[in-house]
Every structure is written in C-alpha cells, then in structure tokens.
Amino acid sequence: MNVTYQFAHMGIHVQDKEMADTLSAQFSKAFALPVFNLPAANMVTENMEVAFSTGLEEAGHIAIYAMPMEDAIEDLRSKGLEVDMGTAKYNGDTLMSVYLKEPFGTFPVHILNKERRPAR
C-alpha cells in the first residue's frame, strides 16, 4: 500500500461569518496574505481556514490530505487509529473527507481526499 499524506491546513473556528471576516482581514492586512471566501469559511492563503460553520471541533482542527483515500483509511486503521465514518462526506460514490475518532492533542484531525480536491 502506497499512501501519501500532506498537511492541508489548520482550521480556526469562530462564532459567525462576521467574526471570520474580521479575523481573515487581520491576517491579510498584517501579512499581505490572500483571502478566499468559501461557503462555510474563509481560506487565508491555502493553509489556514477560518471557519464559521463548526461541527465536531470547538476551537479548530488539523486537516491532512491523503491519497489514495481508501488506502489511507486502511493504513490509518492498521496503525491503530479509528476513522469516524459517521463524519464521512461523499461526492457521489467518492469519499471526500472523514475525521479520525480521537483528536491529536485537542485538535480533531480531518482527512481530505487530495485526488478530488475542488479547484478554487
């Protein structure tokens, strides 16, 4: 099994869109970082997500790209990690993302399908 993992982004969670816009603008102004607006979050560059639609995570999350996704799940399970399939998101029959059951430190880990990453 040949699985590739790559850091995707760090997620920072805030209460609402207004707070996400304010925090994103602070990073942009201070460090000249571009901001991309998405339906449930703002991406500050490609590696920081300021999310205003939170789910499992209170303060944030760590996102990791995996490819191929199905092999990654098998690989993670072989390492004793539990994948929470109740959090799985699909695009048709293709698994797009899933969380691990246990956080790393205080951060939930979000596994993303790099092969099917939508274009911005």
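# Close-up views of a predicted model

A search of the whole structure turns up 3 salt bridges; a salt bridge here is a side-chain nitrogen of Lys or Arg within 4 Å of a carboxyl oxygen of Asp or Glu. The model is a predicted one, where local features need pLDDT of at least 70, side-chain atom pairs count only at pLDDT 80 or more, and totals for chains, interfaces and linings use all residues. Residues are numbered from 1 along each chain as its sequence is written, and side-chain values use heavy atoms, with hydrogens and water left out.

**View A. Lys17 and Asp21 pair up in helix α1.** Here the side chains of Asp21 and Lys17 meet in a salt bridge, 3.0 Å from N to O. The two sit 4 residues apart in helix α1, so about one helical turn separates them. Helices (H or I, at least four residues) and strands (E, at least two) are DSSP runs, numbered from the N terminus. How exposed is Asp21? At 32% relative accessibility, Asp21 counts as partly exposed, and Lys17 counts as partly exposed at 41%. For these labels, buried means under 20% relative accessible area, exposed means over 50%, and partly exposed is in between (1.4 Å probe, protein chains only).

**View B. Lys79 reaches Asp75.** In this salt bridge the closest N and O atoms of Lys79 and Asp75 are 3.0 Å apart. Which partner is buried? Asp75 is, with a relative accessible area of 13%, while Lys79 is exposed at 53%.

**View C. Lys101 and Glu82 link distant parts of the chain.** The closest N and O atoms of this salt bridge are 3.8 Å apart. Lys101 belongs to the loop between β7 and β8, Glu82 to the loop between α2 and β6, and the two are 19 residues apart. Lys101 counts as partly exposed at 45% relative accessibility, and Glu82 is partly exposed too, with a relative accessible area of 49%.

**View D. Phe27 and Phe31 make up an aromatic pair.** The structure holds 1 aromatic pair. Its ring centres, those of Phe27 and Phe31, lie 6.4 Å apart and the planes are at 35°, so the pair is tilted. As for the cut-offs, rings of Phe, Tyr and Trp (its six-membered ring) pair if their centres lie within 6.5 Å; planes under 30 degrees apart count as stacked, over 60 as edge-to-face and the rest as tilted. Phe27 and Phe31 are 4 residues apart in helix α1, which puts about one helical turn between them. Phe27 counts as partly exposed at 21% relative accessibility, whereas Phe31 is exposed at 55%.

**View E. Met69 sits in the largest nonpolar core.** A nonpolar core is a set of buried Ala, Val, Leu, Ile, Met, Phe, Trp, Tyr and Cys residues joined through side-chain atoms within 4.5 Å. Of the 14 residues in this core, Met69, Val98, Leu100 and Ile111 touch the most other members. The elements giving two or more residues are β5, α2, β6, β7 (94-100) and β8 (109-113). Which element gives the largest share? That is α2, with 4 residues. Elsewhere, a second, separate core of 7 residues includes Val14, Val44, Val50 and Phe52. Back at Met69, and not counting residues up to four places away in sequence, its contacts (heavy atoms within 4.5 Å) include Leu95, Val98, Ile111 and Leu112.

**View F. Met85 in strand β6.** Strand β6 covers residues 83-91, and Met85 is one of them. Met85 is partly exposed, with a relative accessible area of 34%. What does Met85 contact, leaving aside its neighbours within four places in sequence? The partners are Ile73, Arg77, Tyr90, Leu95 and Val98. Met85 and Leu100 are 15 residues apart in sequence and 8.5 Å apart in space, C-alpha to C-alpha.

View G. Most residues other than glycine have a negative phi, and most peptide bonds are trans. Ala32, though, has a positive phi, near 55°. Ala32 lies in the loop between α1 (17-31) and β2 (35-37), and is exposed at 68% relative accessible area. Thr45 has a positive phi near 55° as well, and its place is the loop between β3 (41-44) and β4 (48-51). Is the peptide bond from Met67 to Pro68 cis or trans? The bond is cis, with omega near -10°. Pro68 is in the loop between β5 (60-67) and α2 (69-78).
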